[in-house]
Amino acid sequence: MSAESAATRWDAEAETFDEAADHGLLDPEVRAAWRALLLHHLPAPPGRILDLGCGTGTLTALLADEGYRVDGVDCSPEMIRLAETKTAGLVGVTLLVADAFDPPVEHDAYDVVLCRHLLWAMPDPGTALRNWTQLLTADGVLLLVEGRWSNDVGLSAEQVVAFIQATSRAAELTRLTDPIYWGRAITDDRYLVVSLAS
């Protein structure tokens, strides 16, 4: 899918995107679960985080609330418009309409690159990961939330771990089976991969 086609697709989904429990984090218990999961793996604030495929800015806002400086990137102008509304008044937030595959941001600058449900949509996941790791500081952390969903779309955990290991980085896998993250019980494969420099 071209960047232009992706932007059109996600523009169309923006208005209802937050209705999914794990997208909008509107349920306080679901929000608290994601907050705890992410903070467990993040360096202490005020680190600099790049939220790739930030969508409507839910995680951008959550992490900015915790004192991080967060740059959100999404190919969809409509998603970024909603993210601007959601993050209005928050300190340290920058939002950019751009292709997350090779985003036009500073290299060697981020303490964390965070991507949620994005790698599967990249035209070349291996190259995307190599691009993203170049954005990290020497001891930066790559956090990927991905899945292989019941409609047979996505990437297996093993595929993602292999892609990361091909960049000569370590990969720690945690399967996210608890319904608290999704607002319901799941039967497909959803997981977090945390990657540090080897």
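**Reasoning about burial, contacts and helix packing**

Mentor: D189 counts as buried, with a relative accessibility of 18%. The model under discussion is a predicted one.

Trainee: Why is D189 called buried?

Mentor: Buried requires a relative accessible area under 20%. The value for D189 is 18%, so D189 counts as buried. D189 lies in strand β7.

Trainee: What makes the pairing of the side chains of D189 and R175 a polar contact?

Mentor: A polar contact requires a pair of N or O atoms within 3.5 Å, one able to donate a hydrogen and the other to accept it. The side chains of D189 and R175 are joined at 2.9 Å, and the pair is therefore a polar contact. R175 is also among the residues in contact with D189 once neighbours within four places in sequence are left aside; the others are E146, G147, R148 and A157.

Trainee: How do you know whether D188 is buried or exposed?

Mentor: The limit for buried is again under 20%. D188 has a relative accessibility of 15%, so D188 counts as buried. D188 is located in the loop between β6 (172–175) and β7 (189–195).

Trainee: Which polar contact joins the side chain of D188 to another side chain?

Mentor: The partner is the side chain of R190, at 2.8 Å.

Trainee: Why are helices α3 and α4 called roughly perpendicular?

Mentor: Angles of 65 to 115 degrees count as roughly perpendicular. The axes of α3 (residues 28–41) and α4 (residues 58–65) cross at roughly 65° and come within 11 Å. The two helices are therefore roughly perpendicular to each other. The crossing of α3 past α4 is right-handed. From α3, the contact is made by R31, R35, L38 and L39, and from α4 by T58, L59, L62, L63 and D65. These contact residues comprise 5 nonpolar, 1 polar and 3 charged.

Trainee: What makes α4 a mostly covered helix?

Mentor: Of its 8 residues, 7 are buried. They are T58, L59, T60, A61, L62, L63 and A64. After α4 comes G67, with a positive phi near 105°.

Trainee: Why is L96 called partly exposed?

Mentor: Partly exposed lies between the limits for buried, under 20%, and exposed, over 50%. L96 has 31% relative accessibility, so L96 counts as partly exposed. L96 is part of strand β3 (residues 93–97). Leaving aside neighbours within four places in sequence, L96 is in contact with G72, V73, D74, I80, P104 and V105.

Trainee: Is S168 buried or exposed, and how do you know?

Mentor: Exposed requires over 50%. S168 has a relative accessible area of 56%, so S168 is exposed. S168 is placed in the loop between α7 (157–165) and β6, and has a positive phi of about 65° although it is not a glycine.

Trainee: Why is H117 called buried?

Mentor: The relative accessible area of H117 is 18%, and buried means under 20%, so H117 is buried. H117 is found in the loop between β4 (110–116) and α6 (125–133). Its phi is near 55°, a positive value in a residue other than glycine.

Terms used: Residues are numbered from 1 along each chain as its sequence is written. This is a predicted model: local features need pLDDT of at least 70, side-chain atom pairs count only at pLDDT 80 or more; totals for chains, interfaces and linings use all residues. Side-chain values use heavy atoms; hydrogens and water are left out. Helices (H or I, at least four residues) and strands (E, at least two) are DSSP runs, numbered from the N terminus. Buried means under 20% relative accessible area, exposed over 50%, partly exposed in between (1.4 Å probe, protein chains only). Axes are lines fitted to C-alpha atoms, for helices over the stretch in contact, and angles run from 0 to 180 degrees between N-to-C directions. Angles under 35 degrees count as roughly parallel, over 145 as roughly antiparallel, 65 to 115 as roughly perpendicular and the rest as oblique. A crossing is left-handed if the near helix is turned anticlockwise from the far one by less than a right angle, and right-handed if clockwise. Contact means heavy atoms within 4.5 Å. Ala, Val, Leu, Ile, Met, Phe, Trp, Tyr, Cys and Pro count as nonpolar, Asp, Glu, Lys and Arg as charged, and the others, Gly among them, as polar.
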